[in-house]
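Please look at the sequence and the structure before reading on.

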Amino acid sequence: MEIKASSKMDLASCKAFFQATNSAYTDRRMIFQGVWAVITELLLLVIYFTSANIDNELIRKAVLAFLIVLPILQLFAVMMYFYLPKQTHKMLGDYKDGINSFVFNETDFTEVSTIPDGQKSKSSTVNYSDVLKTIETDKYIFIYINIRQAYIVEKETIDKDKIGDIRAKLSDKKYIFK
């Protein structure tokens with residue numbers, strides 16, 4: 001068995017990687033709805049806080065903590081969606097917008113990364129037993145070798161008859177469809 005595939009390390013693939021890794025942030029509508037929910041909650045809390053006579057110091061501290069923590073969590077969610085993929089794409093250096101070529105064999109797969117001008121490349125081989133987990137989306141297959149690093153494979157570059165063979169090789173690991 002020898003299956004060939006490839007991917008481009010562009011901003012879209014970096015965004016898809018972060019969205020697959022952090023599935024709660026996969027849809028922009030969820031982020032914006034969350035922001036509007038926070039604004040609404042803050043307005044309701046301000047109205048409640050100004051209209052109600054709160055004598056209990058513990059309740060006042062809890063409301064204040066809620067007012068501080070909730071916007072920070074929402075800011076973190078927005079940062080995960082918009083900022084981190086751009087930063088990761090930028091940190092790829094010479095390999096930004098480069099091409100990754102994959103060859104899937106019986107016991108392992110080989111990845112060759114080439115920079116856009118084709119003058120520099122690097123390669124690595126990974127045994128299927130070293131794969132931590134795999135996440136498959138509509139466009140990509142993410143093969144995680146640790147919790148922070150994954151190989152990104154574009155599904156459209158794989159022969160449709162061969163995708164099942166790749167799934168079978170990675171099936172003993174945690175395989176997630178999104």
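Which strands does helix α4 lie across? Helix α4 (residues 163–170) lies across β5, β6 and β8, where contact means heavy atoms within 4.5 Å. The model is predicted, so local features need pLDDT of at least 70 and side-chain atom pairs count only at pLDDT 80 or more, while totals for chains, interfaces and linings use all residues. Residues are numbered from 1 along each chain as its sequence is written, and side-chain values use heavy atoms, with hydrogens and water left out.

**The sheet**

- Four strands form an open sheet in the order β7-β6-β5-β8, with mixed pairing; two strands pair if DSSP finds at least two bridges between them.
- Because β7 (150–154) and β8 (174–177) stand at the edges with a single partner strand each, one side of each has no neighbour in the sheet.
- On average, neighbouring strands of this sheet are turned by 15 degrees against each other, direction ignored.
- Strand β5 (residues 133–136) runs parallel to β8 and is joined to β8 by four bridges.
- Opposite Glu136 stands Phe177 in β8.

Helices and strands are DSSP runs numbered from the N terminus (helices: H or I, at least four residues; strands: E, at least two).

**Helices across the sheet**

- Helix α4 runs at about 140 degrees to β8; axes are lines fitted to C-alpha atoms, for helices over the stretch in contact, and angles run from 0 to 180 degrees between N-to-C directions.
- Helix α1 (residues 11–21) lies across β5, β6 (140–144) and β7, at about 65 degrees to β6.

**Leu84**

- Leu84 belongs to helix α3 (residues 57–91).
- Leu84 and Cys14 are 70 residues apart in sequence, and their C-alpha atoms are 8.8 Å apart in space.
- Neighbours within four places in sequence aside, Leu84 is in contact with Phe18 and Met79.
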